[in-house]
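Here are my comments for your review. Please read them with the sequence and the model open side by side.

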Amino acid sequence: MLMALLTNMFMAKKISKAANPARFSFQIQNRALAPFTHLKLFNGYNEVVGKCYGDMDMEIPQGLYQLRIEMNDFVEDRNYRVEAGSQVNDEIIDFKLNSAIPVYGFSSTHEYFSNPAEEWSRKSSVTGLGISGSSLFLFLSYSEEDKPFDMSFIEAGYFSLLDGNRKLKYRLRVDRVKLETGKNENAGVFFASVCFTDEMSAGQYYLIYRSPDLKREIPVYVYQDWQTQVFIRIREFPIFASTRISLSRNGFMRNDEDILQLDAMISKLHNGMYVLPADLMVNDVNGKWENPMLGIMACYMFLLSDITDGNYLYLKMLTSLEASIVNIHESPDMAALRLMGAVLFNNAIPEEPLSAPCMLAVGLNAFLKQSMAHPHLIEADGLVEKIFPRLVKESVYTMYEPLPQTFFVVNQKVENTVKNITKGIKFIDKLAKGVSWLILKNRMPTITGAAPMSVPSAAPQAEEVTDDWVSSSIISQLSHISTDPDQLDIAAIAQQLQVTTNTVKKTLGVLQEKGAIKELGSAVLEHVDKKELRQAVADISAKIDTLLKDE
Amino acid sequence: MTNDLDFAVVIGVEYYQQNTPLGGPHSDTEKFMDWLLDPDGGGLPRDAADPKSSPNVLKLLSTPTYTPRKDDLDLWLDEKMNGIVKDNQGARRFYFYFSGHGIGVTQKNSALLFPLWTRTNRNYALSSEKYLDELLKKGIFKEIYFFMDCCRNRIAGVEGLAPTWSSPLPASGAVDYLLYYATEFDTAAFEKPVIGQEEGLNNGLPRGLFTEVLINGLRGAAAGRNGKLSIGNLLSYVKLKLPELASAHNETQIPKAMLSLDPDHEICGPFQKKIAVTITFKVPGGKVILEDADLEIVVEEDTAVGFWNLNLSRGQYFLRAEGQQEGMKIFVDGITNQYVYG
């Protein structure tokens with residue numbers, strides 16, 4: 001066998017070929033998505049020889065190549081054997097991309113989604129009549145191979161809509177929505193769509209989903225004479241990370257290429273890739289788009305990119321946006337764009353506080369960040385401030401656990417749970433949990449996070465404990481940071497926890513006033529070294545006093 | 001020769017108090033540890049009494065009965081760094097490897113969750129950025145490598161904790177780093193049963209896809225045609241191969257690297273320029289042509305014997321029957337050395 005191996009061992013022999021370069025051209029046929037598509041060409045030694053957004057056209061030496069095509073979640077590799085002097089032309093027609101928006105260009109788009117979306121974005125699902133002026137369109141799409149659609153969440157009315165004053169406007173039950181279900185026999189897929197549409201006054205709204213297992217609130221702004229469209233995919237429960245929000249004047253259109261670009265930009269933003277193609281920027285400057293949401297997204301992208309000398313350009317973009325919609329100036333996202341622009345270009349920080357949460361989380365976060373130095377930007381104890389501890393960062397859109405209706409009394413079961421969780425945990429972790437539990441207990445039922453809402457709880461009999469992670473996290477932070485007064489900084493803690501300074505101050509105030517830390521008893525901390533505990537309690541109490549000394 | 005001036009912390013967390021258990025971190029961490037101690041890999045010194053461990057490496061694995069804590073890491077590193085300073089011995093590299101649950105904080109920062117992390121104890125995690133910053137300030141290690149095989153999705157209020165040791169002023173000496181995440185910010189990293197050729201890999205147990213590709217790359221698959229393995233070679237290799245592997249599992253995963261180290265800096269090696277491979281022909285007979293990455297013909301022979309044994313340089317090759325343009329691509333990387341054509 002060894003002999004066979006040796007006799008069959010070839011030494012490399014090379015036959016040289018002419019070194020004329022070859023031409024490599026690659027085209028992206030989906031022109032709307034081309035500027036967002038990244039191409040990277042590797043040679044046969046895994047070395048990158050070319051990369052760009054959009055079409056590729058370059059000279060290369062003969063050889064083996066691999067082209068990587070990346071368009072958000074879509075990744076495809078193509079291999080080429082390129083001979084000297086040859087011309088390689090290749091293209092990609094479309095990408096296998098999924099989206100909650102049933103527009104042409106996504107592999108998740110089907111007529112059984114596009115048809116109802118087009119029909120019911122133009123008619124009220126409540127009255128059946130045609131709509132005009134300002135309106136809201138919610139489109140939920142379901143597609144699963146083995147599972148028929150379960151409409152119990154509609155029957156239970158888990159979705160509701162609050163107006164700007166947080167009064168219940170609609171509970172989206174069966175009689176308020178248009179539901180279509182079926183089965184795609186060819187693909188063996190069960191599908192369903194749920195549409196809710198109605199005319200609304202322009203202004204702020206809150207879309208709420210409240211089931212026993214999942215709770216979310218999404219702020220939605222309705223612009224004057226425009227329709228705000230919210231698209232969400234559903235499985236066993238809504239996939240809020242799939243949310244897309246668009247604007248339209250004439251209802252949904254399945255061949256709207258602006259929406260393709262909007263979806264691409266949202267995905268880029270989600271991945272922290274701040275891509276603003278030149279032609280989109282030009283359109284934005286000149287207000288040449290059909291969908292103002294594309295303009296809003298382009299402004300955010302512009303501000304997040306590395307451009308620092310574009311003040312004039314940016315002002316033109318803002319002016320174009322403001323000229324497009326009557327009440328856009330008052331919207332929270334425009335306030336965020338003005339603030340972010342002021343910060344980037346060293347202009348005066350706006351005086352106006354944020355009236356309601358922005359639809360884009362990046363806008364809301366800009367207010368939080370700037371509020372550390374300019375507290376007036378977020379009203380103390382206002383609705384916006386209460387949102388920060390509840391934020392769920394699963395999407396580029398602002399989403400949070402709905403502001404509570406009421407707080408419920410912590411019962412024995414919860415107390416035991418706390419004990420079980422803390423058993424065996426190092427003392428400081430136990431301390432943090434114990435404090436959190438104690439504060440909750442002390443608060444009930446007098447301290448509420450917000451004015452009671454008029455929306456009844458989906459399951460009013462269920463007991464609910466607000467997750468007071470802020471107080472426990474503060475204790476945890478205080479146990480780790482230095483006792484040096486220069487390092488004890490409320491703003492730093494607020495930044496660390498991504499809440500406002502006022503929230504930190506209030507929590508510290510509760511800890512100090514109630515003496516919560518000192519009240520911790522053996523019931524929660526029975527396994528703790530008493531001496532160690534006493535020292536930790538004293539340290540943390542002293543730090544709280546230091547922090548609040550000048551407040 | 002061992003690299004006595006290199007140090008490492010490797011952490012694998014499979015068991016969490018409140019999070020879903022993971023299947024791959026322990027074996028992934030062991031694989032990284034193997035590479036660290038391999039003379040052809042990291043080359044760190046082995047413990048005389050236990051050749052699977054090293055006095056220069058802290059290995060933390062969570063088990064149902066043992067829960068690693070942040071202090072374990074901070075105290076060990078503090079002691080090692082104090083020892084290095086006291087002995088005036090200097091240090092070259094510091095490797096940090098983590099496999100477990102993670103949360104994305106910013107583009108540069110991830111919170112690496114320790115087992116005691118819970119929703120209320122939500123900051124019981126290492127901040128990759130803060131640890132890196134403090135190590136840079138210390139200036140003890142000249143090269144710092146962070147490899148993190150974990151998700152980077154986001155949760156509010158999580159930033160991760162800094163080490164307990166710190167420096168009053170940044171160090172004056174040059175310190176460079178590579179911060180290498182398994183996935184882009186706000187996306188998931190995956191573990192899958194990976195079938196490999198290496199002994200013990202093809203057991204169908206979950207492996208972190210990033211670690212799988214990373215280790216292959218570090219073991220020479222990423223080396224350039226000259227056999228040298230630079231950081232740039234490694235990044236390029238993982239960037240190319242990880243999405244391929246993820247795609248084979250119907251997932252999307254793209255690694256993310258940030259670095260101040262020179263991409264031309266060699267991380268390990270050099271590796272053999274020529275690699276012995278065997279190409280077996282399913283249907284022997286007929287002439288087959290083997291072309292290299294530059295389309296130069298390497299072999300053009302009859303296949304009646306049924307196989308070729310060759311010494312090939314690193315890189316891609318193309319096998320095709322005489323007169324055919326279609327064929328099969330193979331990649332000679334030193335990891336795989338058996339190919340079947342036809």
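**Notes on the model**

1. Ser141(A) has Ser193(A), in β13(A), as its bridge partner. The two strands involved are β9 (residues 135–144) and β13 (residues 189–199) of chain A, and they pair in the antiparallel sense over 10 bridges. Pairing here requires at least two bridges found by DSSP. Helices (H or I, at least four residues) and strands (E, at least two) are DSSP runs, numbered from the N terminus.

2. On conventions: this is a predicted model, in which local features need pLDDT of at least 70, side-chain atom pairs count only at pLDDT 80 or more, and totals for chains, interfaces and linings use all residues. Residues are numbered from 1 along each chain as its sequence is written, while chains are lettered from A and ligands numbered from 1 in the order in which they are written.

3. Chain A has 18 helices and 17 strands. Of its 551 residues, 42% count as buried, that is, with 20 or more other C-beta atoms within 10 Å of their own, C-beta atoms being placed from the backbone; 12 or fewer means exposed, and anything in between partly exposed. Among contacts in chain A with a separation of 6 or more, 68% join residues 24 or more positions apart. A contact means C-beta atoms, placed from the backbone, within 7 Å.

4. The pair in point 1 belongs to an open sheet of five strands. Its order is β12-β13-β9-β16-β17 (chain A), and the pairing is mixed. β12 (178–184) and β17 of chain A each have a single partner strand, so one side of each lacks a neighbour in the sheet. The twist averages 15 degrees from one strand to the next. Angles run from 0 to 180 degrees between N-to-C directions, with axes fitted as lines to C-alpha atoms, for helices over the stretch in contact.

5. Look next at the β16(A)–β17(A) hairpin, which has three residues between its strands. Strands β16 (residues 227–234) and β17 (residues 238–248) of chain A run antiparallel and are joined by seven bridges. Thr228(A) has Leu247(A) as its bridge partner in β17(A).

6. Thr228(A) is also touched by Val220(A). Not counting residues up to four places away in sequence, Val220(A) touches others too, including Leu136(A), Tyr205(A), Ile245(A) and Met359(A). Val220(A) is among the residues of the largest nonpolar core that touch the most other members, as are Tyr205(A), Met297(A), Cys299(A) and Phe367(A). That core holds 122 residues. Such a core is a set of buried Ala, Val, Leu, Ile, Met, Phe, Trp, Tyr and Cys residues joined through C-beta atoms within 7 Å. Its largest share, 10 residues, comes from helix α6 (residues 292–304) of chain A. A second, separate core has 103 residues, among them Phe32(B) and Cys268(B).

7. Which strands make up the other open sheet, the one of four strands? The order is β4-β3-β6-β7 (chain A), with antiparallel pairing. Its edge strands are β4 (48–53) and β7 (74–82) of chain A. Strands β3 (residues 38–43) and β6 (residues 63–71) of chain A pair over six bridges. Phe42(A) stands opposite Gln66(A) in β6(A). Helix α5 (residues 231–248) of chain B lies across β3, β4, β6 and β7 of chain A, at about 115 degrees to β7(A).

8. Chain B is assigned domain 1 (7–268) and domain 2 (274–341), with bounds from an automatic or database domain assignment. Their centres, taken over C-alpha atoms, are 36 Å apart. Each domain puts seven residues into the contact.

How values were computed
Two residues are in contact if their C-beta atoms, placed from the backbone, lie within 7 Å.
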